[in-house]
Amino acid sequence: MKKQSLFAVPTLAIGVLALAARPAAAADTWSFQAQLAPANNSTAAGTAMVDVTGDQARITVNVTGAPALMQGMPYAHAQHIHIGGQGVCAPPTADANADGAVDSMEGQPFTGAIAVSLTSAGDVSPASGAAADRYPTGGSYSYQRTVTLDAATLNALQAGNAVINIHGADPAALSAPAQNAVNPMNPALPLATDIPIACGEFVAAQMQVPEGPADTGVETAGGAGANALAGISVLGILAAGAAALGLRRRAVSRR
């Protein structure tokens, strides 16, 4: 009984210290990136990032070298995340009808079907795949939007099976058969609006080394002050435990 009372306070202090040092739970997070390379003999290129927290994905796309105008108007460039294929950009050999360009249907066995339509507003489902009035326009643009990501798309990103396509070729650069064809998702538009001009395969982003001291997970909404107070409280508990241990030892030695 004496031994139990002798160590009770220090043991409690150590337990409190362990709890104070335990980092707070955080939502699951992932980051994925893709380098956009020219497709179908275009000059378009860029980067894409998907930062996921829980089921919320912040998607960032930067594009340069795309056709700026379509029939004298700002050219809207459809952009999609594709899943369910081979997880790779379609090669030139995918041109099944030999019209000189690989359209989205020819490329689908490689890239997979549309999972997310990266529109500037409104619906982001495959149903908005050819919503020309809701995509970024111009020869260079930066896009950012946060969307709800379904489990299938997240699983594909994690498995390295997701691809991003930027669409909208220069009609003048296409062959005569391609110029006379229509967009398979929206026959009111020419095929040029469907043809990918840049493509990238998503991979897990490299971890960034944080600057400054390591995050212990102790800091709260109070910031550094709260962190310091937490440290003082723990030290106080340990000091009290040590003092109690000393008193117990002296009491035992007098007996």
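Apart from residues up to four places away in sequence, V116 touches Q79, H80, I81, V124, L149 and T153, where contact means heavy atoms within 4.5 Å. V116 belongs to strand β7; helices (H or I, at least four residues) and strands (E, at least two) are DSSP runs numbered from the N terminus. With a relative accessible area of 5%, V116 is buried, the classes being buried under 20% relative accessible area, exposed over 50% and partly exposed in between, for a 1.4 Å probe and protein chains only. The C-alpha atoms of V116 and T153 are separated by 8.1 Å, although the two residues are 37 residues apart along the chain.

The model is predicted, with pLDDT of at least 70 required for local features and 80 or more for side-chain atom pairs, whereas totals for chains, interfaces and linings use all residues. Residues are numbered from 1 along each chain as its sequence is written, and side-chain values use heavy atoms, with hydrogens and water left out.

T153 is also one of the buried residues of helix α3 (residues 151-158), together with L154, A156 and L157. These residues lie on the same side of α3, because they cover an arc of only 160° around the axis, the arc being that of the directions from the helix axis to the C-beta atoms. An α-helix has 3.6 residues a turn, so residues three or four places apart point the same way. The buried residues of α3 pack against β1 (29-38), β2 (45-53), β6, β7 (112-117) and β9 (162-167). G160, which follows α3, has a positive phi near 70°.

Strand β6 is largely enclosed by the rest of the structure, because five of its six residues are buried. Five bridges join β6 to β9 in an antiparallel arrangement, and two strands pair if DSSP finds at least two bridges between them. Within this pairing, H82 stands opposite V163 in β9. Strands β6 and β7 also run antiparallel and are joined by five bridges, with A113 in β7 as the bridge partner of I83.

The largest nonpolar core contains 40 residues, of which V50, I59, V61, I81, I164, I166 and F202 touch the most other members. Such a core is a set of buried Ala, Val, Leu, Ile, Met, Phe, Trp, Tyr and Cys residues joined through side-chain atoms within 4.5 Å. Strand β3 (residues 56-64) supplies the largest share of this core, four residues. Beyond its neighbours within four places in sequence, I166 is in contact with residues including L36, V61, V63, H77, Y141 and I197.

H77 is located in the loop between β5 (73-74) and β6 (79-84) and counts as buried at 0% relative accessibility. The side chain of H77 reaches the backbone oxygen of P67 at 2.8 Å, and a polar atom of this side chain lies 3.3 Å from the backbone oxygen of G138. Among the other residues that H77 touches are A66, Y135, P136, H167 and G168.

One disulfide is found in a search of the whole structure, a disulfide being a pair of cysteine sulfur atoms within 2.5 Å. The bond joins C89 to C199, with an S to S distance of 2.0 Å. The disulfide is left-handed, because the torsion about the S-S bond of C89 and C199 is about -95°. C89 lies in the loop between β6 and α2 (104-111) and C199 in strand β12 (residues 196-201), so the pair ties together parts that are 110 residues apart in sequence. C89 counts as partly exposed at 22% relative accessibility, whereas C199 counts as buried at 6%.

Methods. Polar contact = N/O pair within 3.5 Å; in protein donor to acceptor, adjacent residues only side chain to side chain.
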